[in-house]
Amino acid sequence: MNAVKRLEIFRRFHQANPHPTTELEYTTPFELLISVILSAQATDVSVNKATRRLYPVANTPAAIYALGVEELESYIKTIGLYRTKAKNVIETCRILIEQHDGEVPRSREALEALPGVGRKTANVVLNTAFGEPTIAVDTHIFRVSNRTNLAPGKNVDEVEQKLLKFVPDEFRHDAHHWLILHGRYTCIARKPQCWNCIIADLCEYKDKTPLPEKGV
């Protein structure tokens, strides 16, 4: 895919959705961090349902740490892998209290040192909470980047590096959200909705899905 096509893809994304953001509900960088940790192999919908109960009760490192693992589990047990996530969240809160004065660090190294936080989670926090032009590659972004030929790669790291290289500077901050939303609602895994895609004429996917017949 050439640079002209890439520029037009992001121009259209911007035109359709000028201010994209995460579908996770949060009010502070800390709430976002915890929500992203909880969202691993889970849907944003399931995480939001749990945090709507949790955050009114505890939404700071000290408050969640005071709950302890078992009580935290009672709030997040509807989320997949909740036992492991509860342990990671409590330990993350301890580290934030002891090493960062209860604040979410703004460096990738410090974020990735927290339990349950990998490169993808760190990228989401840096981008969404702190405005850094990072691109977190999840399954949706990996699929869209490869399927469209926007930034093909064999693994998430390769796709991330290509996106950072190919996405025009003016669109880099929002690229993460546009691509996730596109993969979540249009360029879906089993049967992409190519007939309803704003970049279908730019996409280089050969097996585009035709418009379904009425009644099918």
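Me: Which residues of α5 are buried in this predicted model?
Reply: The model is a predicted one, and a residue counts as buried when its relative accessible area is under 20%. What covers the buried residues of α5 includes α2 and α4. The buried residues of α5 are K85, A86, V89, I90, T92, C93, I95 and L96.

Me: How far apart are the end C-alpha atoms of α5, and what span should its 19 residues have?
Reply: Helix α5 covers residues 82–100. At 1.5 Å a residue, its 19 residues should span 27 Å, and the distance found agrees with this. The end C-alpha atoms of α5 are 25 Å apart.

Me: Which residue follows α5, and what is its phi?
Reply: Most residues other than glycine have a negative phi. The residue that follows α5 has a positive phi instead. This residue is D101, with a phi near 55°.

Me: What span does helix α4 have between its end C-alpha atoms, and where is its kink centred?
Reply: Helix α4 consists of residues 61–76, and a straight helix of 16 residues would span 22 Å at 1.5 Å a residue. Helix α4 spans only 16 Å between its end C-alpha atoms. The helix also has a kink of about 105°. The kink is centred on G68.

Me: Against which helices do the buried residues of α4 pack?
Reply: In α4, the buried residues are P61, I64, L67, G68, L72, E73, Y75 and I76. Packing is judged here by heavy atoms within 4.5 Å. The buried residues of α4 pack against α2, α3 and α5.

Me: Is S35 buried or exposed?
Reply: S35 is found in helix α2. Apart from its neighbours within four places in sequence, S35 is in contact with L24, E25, V47, T51 and Y55. Because its relative accessibility is 0%, S35 counts as buried.

Me: Which residues is I141 in contact with, leaving aside its neighbours within four places in sequence?
Reply: I141 lies in helix α8, and its relative accessibility of 0% is why I141 counts as buried. The C-alpha atoms of I141 and H177 are separated by 9.1 Å, although these residues are 36 residues apart along the chain. With neighbours within four places in sequence left aside, the contacts of I141 are A136, L163, H176, L179 and I180.

Me: Is Q41 buried or exposed?
Reply: Q41 is placed in the loop between α2 and α3. It has a positive phi of about 55° although it is not a glycine. The cut-off for exposed is over 50%. With a relative accessibility of 75%, Q41 therefore counts as exposed.

Me: What relative accessibility does N149 have, and how is N149 counted?
Reply: N149 is in the loop between α8 and α9. Although N149 is not a glycine, its phi is positive, about 75°. Its relative accessibility is 25%, so N149 counts as partly exposed.

Me: Which helix supplies the largest share of the lining of the largest pocket?
Reply: The largest pocket holds about 620 Å³ of space and is lined by 32 residues, of which S39, A42, D44, K120 and R184 lie nearest its centre. By class, this lining has twelve nonpolar, 14 polar and six charged residues. Helices that each supply at least two residues are α2, α3, α5, α7, α8 and α10. The largest share, six residues, comes from α10.

Me: Which residues are the closest to the centre of the largest cavity?
Reply: The count comes to one cavity of 30 Å³ or more, and the largest cavity has a volume of about 90 Å³. Its lining of 14 residues has eight nonpolar, four polar and two charged residues. The closest to the centre are H182, C187, C194, C197 and C203.

Notes
Residues numbered from 1 in each chain as written. Predicted model: local features only at pLDDT ≥ 70, side-chain atom pairs only at ≥ 80, totals over all residues. Heavy atoms only, no water. 1 Å grid on protein atoms, 1.4 Å probe; cavity = no way out; pocket = protein on both sides within 12 Å on 5 of 7 lines; lining within 4 Å. Points joined across faces, edges and corners; volume = space filled by probe spheres on them. Helix = DSSP H or I, 4+ residues; strand = E, 2+ residues; numbered from the N terminus. Nonpolar A, V, L, I, M, F, W, Y, C, P; charged D, E, K, R; others polar. Buried < 20%, exposed > 50% of the residue type's maximum accessible area, 1.4 Å probe, protein only. Expected span 1.5 Å × (residues − 1). Bend = angle between axes of the 7 residues up to and from the residue.
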